[in-house]
Amino acid sequence: MKRFFYLFIIFLSACSNNRYISRTAEKEVLNTNALKTAHVGISIYDAGTGQYIYDHQGDKYFVPASNTKIPTCYVAMKYLGDSLDGLKYSRTGEGYLLQATGDPTLLHSDYKNQPVYSFLESIMTADSVRWLTSNWSENALGSGWSWNDYDEPYMAERSPLPAYGNTVRVSMPGESLSVAPAFLKDSFTLSNGTRSSVKRELAENKFTVVSGREKLRAAEIPYVTRGYHTSLDILNNMLKRKVAMRAVTNEKMPVYNVIHSQPADSMLRPMMHRSDNFFAEQSLLMVSDRLLGVMSDYRVIDTLLKSALKDLPQPPRWVDGSGLSRYNLFSPRDFVTILDRMRNDFGMERIKGIFATGGQGTISSYYKQDSGYFYAKTGTLSGVVALSGFMYTQKGKQLIFSVIVNNHQASATEVRRAVEKFLQEVRRRY
């Protein structure tokens, strides 16, 4: 009898978690054609009462895709400060010692003001400029990334000293080929075909531009970074130094000064709005350099999961900054916890300046009528759709939610529309 009573209390408690969500709405979202054969996790938390108002498999692990950018964004907000460290430098009797920080904004087309490049121009006459490479301890591509996406613009390589977003921009509006950075122009060959395209060899900077029936207007493709080396080649070519800057491995950075590059949120906003994988990867590497003095995903993630994120409900498997890897595993409750911590630590006004609202960024076609009441981050891989963020209900409540769908066979649009309908019903009723 006691055992029956105990099980009954557990049952009532489980039901009470979902007492604010109508059974009709629940059945509609879980039984819709887009979701009924998928694995679905949903957690919705009332930030005012500190209670979960709905939880369906919220403690289970899912591949989160670009929702992985949420913990990356949180630790970047926590540790990178208001302005990004763009460059470390120390003056010596011979010249300058420099060290990169992983800052992705150098010569990036999003940023007209370039303090780091201006500093490099100012020391052009120095007899010696050496870049100390001892703080780079990472691979160009992340663990679990899909290797055959190597020449897709969303999978730019990681590096200690990014330049031009670690991509080359190519266009051929007429007969001549335009390439930026110009240093890589000699790496391109032209051929004719039926369809215009740009391809790169797997492990080297050899590019082929196929000129088809329609001229190539614009394309972007990652280049091979080789740690510091390709960026140094680009910078030496641009600065036209008599004595080239060079990389050295056997020296340590002494006491140094810092050149700040851009406001931190000017990087985090596009990272979250357009789901910029490159900014996310470099953000995590910058946190690693700030905390550990070395750029290493494995080491900084291990450190963060033992410190700032040590008490997540389900200890995640976290392997990269962007979510490109399917090795990442988080629960919906993990994301709710991180978002709640972000809200408490930094406030909603700053969050609203970083996260996209309805009709913006990667949710530009969704939640338009909820603009200003809904702030979220999407996640998409083949068979994966995720959405986590903040919602203000029509009754004035603030909710934090995470919805992750894995192994669906529908189109991503169908899944997003089903989730949208469900969350809009929650916003209307609660």
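**Notebook: helix α9 and its setting**

I listed the buried residues of α9 (buried meaning under 20% relative accessible area, with a 1.4 Å probe and protein chains only): Pro332, Asp334, Phe335, Val336, Thr337, Ile338, Leu339, Asp340, Arg341, Met342 and Arg343. I note that this is a predicted model, in which local features need pLDDT of at least 70, side-chain atom pairs count only at pLDDT 80 or more, and totals for chains, interfaces and linings use all residues. Residues are numbered from 1 along each chain as its sequence is written, and side-chain values use heavy atoms, with hydrogens and water left out.

I then checked the extent of α9. The helix runs over residues 332-346 and reaches 21 Å from its first C-alpha to its last, close to the 21 Å expected at 1.5 Å a residue (the expected span is 1.5 Å times one less than the number of residues). Of its 15 residues, 11 are buried, and I record α9 as mostly covered.

What covers these buried residues? I found that the cover includes the helices α3 (69-79) and α10 (348-354), together with β1 (39-46), β2 (51-56), β16 (384-392) and β17 (398-406); contact means heavy atoms within 4.5 Å. After α9 comes Gly347, with a positive phi near 85°.

For the whole chain, I counted 11 helices and 17 strands, taken as DSSP runs (helices H or I, at least four residues; strands E, at least two) numbered from the N terminus. Buried residues make up 56% of the 430 residues. Among contacts between residues at least 6 apart in sequence, 66% join residues at least 24 apart.

Terms used
Buried means under 20% relative accessible area, exposed over 50%, partly exposed in between (1.4 Å probe, protein chains only).
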